[in-house]
Amino acid sequence: MKSADPVVSTKKENIRSKLSATLDMPVDFAGGMPRIVLTGNRTVLVENHSGIRAFSGEQVRIACIYGEIIIDGKDMRLNFLKKDEIEAEGEIVAISYRQA
């Protein structure tokens, strides 16, 4: 897999930051960055995803713009999957982010 040009990536991030500042909105909203909402240790909502990479009862791997979000737990299940939102439920043990 070919990696992205760091100069182009930096320019895109700068444009997103300027757009965000001009429109007075959070950078994550303008840039499509993932948003993670954790409710206790039972439910996690991920917005701005690019799809599910892997799913089992112990782990959910979700693709996002610059990498993947990894949710480890027990008895994991998907409550819903929409174009831009995923909600998973179970006994959540850890959430991590792996940059591409």
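How many aromatic pairs does a search of the whole structure find? Please then examine Lys82: where does it lie in relation to the face of Phe80, and with which residue does it form a salt bridge?

Tutor: The model is predicted: local features are reported at pLDDT of at least 70, side-chain atom pairs count only at pLDDT 80 or more, and totals for chains, interfaces and linings use all residues. Residues are numbered from 1 along each chain as its sequence is written, and side-chain values use heavy atoms, with hydrogens and water left out.

A search of the whole structure finds 0 aromatic pairs. A pair here requires ring centres of Phe, Tyr or Trp (its six-membered ring) within 6.5 Å; planes under 30 degrees apart would count as stacked, over 60 as edge-to-face and the rest as tilted. A ring does, however, take part in a contact with a charge: Lys82 lies over the face of Phe80, at 5.1 Å from the ring centre. The criterion is that NZ of Lys or CZ of Arg be within 6 Å of the ring centre and within 35 degrees of the ring normal.

The protein chain has 2 helices and 6 strands, where helices (H or I, at least four residues) and strands (E, at least two) are DSSP runs numbered from the N terminus. Their order from the N terminus is α-α-β-β-β-β-β-β. Lys82 belongs to the loop between β5 and β6 (85–99). With a relative accessible area of 46%, Lys82 is partly exposed, a class that falls between buried (under 20%) and exposed (over 50%), using a 1.4 Å probe and protein chains only. Across the chain, Lys82 and His49 are 33 residues apart in sequence, yet their C-alpha atoms are 9.4 Å apart in space.

The wider chain can be described by its totals. Of its 100 residues, 26% count as buried. Its accessible surface comes to about 6,700 Å², and carbon and sulfur atoms account for 53% of that; such areas come from the Shrake-Rupley method with a 1.4 Å probe, and for residues only the protein chains shown count as cover. Among contacts (heavy atoms within 4.5 Å) between residues at least 6 apart in sequence, 43% join residues at least 24 apart.

Leaving aside residues up to four places away in sequence, Glu47 touches Met33, Pro34, Arg35, Asp84 and Glu85. Glu47 counts as buried because its relative accessible area is 18%. Asn48 lies in the loop between β2 (43–47) and β3. The phi of Asn48 is near 60°, a positive value in a residue other than glycine, and Asn48 is partly exposed at a relative accessible area of 28%. Asp75 also has a positive phi, near 55°, but this residue lies in strand β5 and is exposed, with a relative accessible area of 62%.

Strands β3 (51–55) and β5 (67–81) are the elements that give two or more residues to the patch. Phe55, located in strand β3, is partly exposed at a relative accessible area of 41%.

Side chains of opposite charge can pair when their charged atoms come close. The search of the whole structure finds 6 salt bridges, each a side-chain nitrogen of Lys or Arg within 4 Å of a carboxyl oxygen of Asp or Glu. In one of them, Arg61 meets Glu68 at 3.2 Å, N to O. Arg61 is partly exposed, with a relative accessible area of 26%, whereas Glu68 counts as buried at 2% relative accessibility. Another joins Glu89 to Arg77, with the closest N and O atoms 3.5 Å apart. This pair links distant parts of the chain, since Glu89 is in strand β6 and Arg77 in strand β5, 12 residues apart. Arg77 counts as partly exposed, at 40% relative accessibility.

Lys82 itself forms a salt bridge with Glu85, the closest N and O atoms being 4.0 Å apart. Elsewhere, salt bridges that share partners join Arg53, Arg61, Glu68 and Arg98 into one network.
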